[in-house]
Amino acid sequence: MTTSAENRTLILLRHGKSAYPDKVKDHDRPLAPRGVRQAGLAGKAIRRFGHDVDLVLCSTAERAQATLAQAAVDAPVRHLPALYGATGTEILKIVEAERGDAATVRVVGHDPGPAEAARI
């Protein structure tokens with residue numbers, strides 16, 4: 001299956017609000033209760049707009065993975081360390097390298113990267 005550029009969709013999702021527990025490395029911070037709710041609502045909204053996701057590219061950070069779990073996406077997932085702290089340009093390069101024939105790709109990452117990628 002070949003997917004033309006006109007038929008591709010990229011969904012950029014920043015992780016939900018994170019908690020700041022003492023003595024926990026940034027990479028290992030969990031979602032705050034508000035972030036859990038946000039992630040679930042984001043998943044519902046994306047499904048309501050009819051986006052079937054073919055592939056998810058997710059940061060390896062705990063809060064990104066928890067966001068993905070709460071958003072309830074039924075698609076293959078690749079956990080990529082390079083998404084942790086990636087700029088918008090880096091995110092787009094990662095998507096192009098990883099997407100293959102996937103028509104709709106969701107990226108779960110960390111701002112400002114997704115916001116920057118949306119403006120490019």
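User: In this predicted model, which residue follows helix 2 with a positive phi?

Analyst: Helix 2 runs over residues 62-71. The residue after helix 2 has a positive phi, near 55 degrees. That residue is Ala72.

User: Which element gives the most to the largest nonpolar core?

Analyst: This core holds 13 residues, and Leu68 is among those that touch the most other members. Strand 1, helix 1, strand 2 and helix 2 each supply at least two residues. The top contributor gives three, and it is helix 2.

User: Against what do the buried residues of helix 2 pack?

Analyst: The buried residues of helix 2 include Arg63, Thr67 and Leu68. Their packing partners are strand 1, helix 1, strand 2, strand 3 and strand 4.

User: Is Arg29 buried or partly exposed?

Analyst: Arg29 forms a salt bridge with Asp26, with the closest N and O atoms 2.7 Å apart. Asp26 is partly exposed at 36% relative accessibility. Arg29 has a relative accessible area of 9%, and the cut-off for buried is under 20%. So Arg29 is buried.

User: How many residues apart in sequence are the parts tied together by Arg14 and Asp111?

Analyst: The two side chains meet in a salt bridge at 4.0 Å, N to O. Arg14 lies in strand 1, and Asp111 lies in the loop between strand 4 and helix 4. The pair therefore ties together parts separated in sequence by 97 residues.

User: Which residue forms a salt bridge with Arg78?

Analyst: Arg78 sits in strand 3, and its partner sits in helix 3, 20 residues apart. The closest N and O atoms are 3.1 Å apart. The partner is Glu98.

Conventions. Residues are numbered from 1 along each chain as its sequence is written. This is a predicted model: local features need pLDDT of at least 70, side-chain atom pairs count only at pLDDT 80 or more; totals for chains, interfaces and linings use all residues. Side-chain values use heavy atoms; hydrogens and water are left out. A nonpolar core is a set of buried Ala, Val, Leu, Ile, Met, Phe, Trp, Tyr and Cys residues joined through side-chain atoms within 4.5 Å. Buried means under 20% relative accessible area, exposed over 50%, partly exposed in between (1.4 Å probe, protein chains only). Helices (H or I, at least four residues) and strands (E, at least two) are DSSP runs, numbered from the N terminus. Contact means heavy atoms within 4.5 Å.
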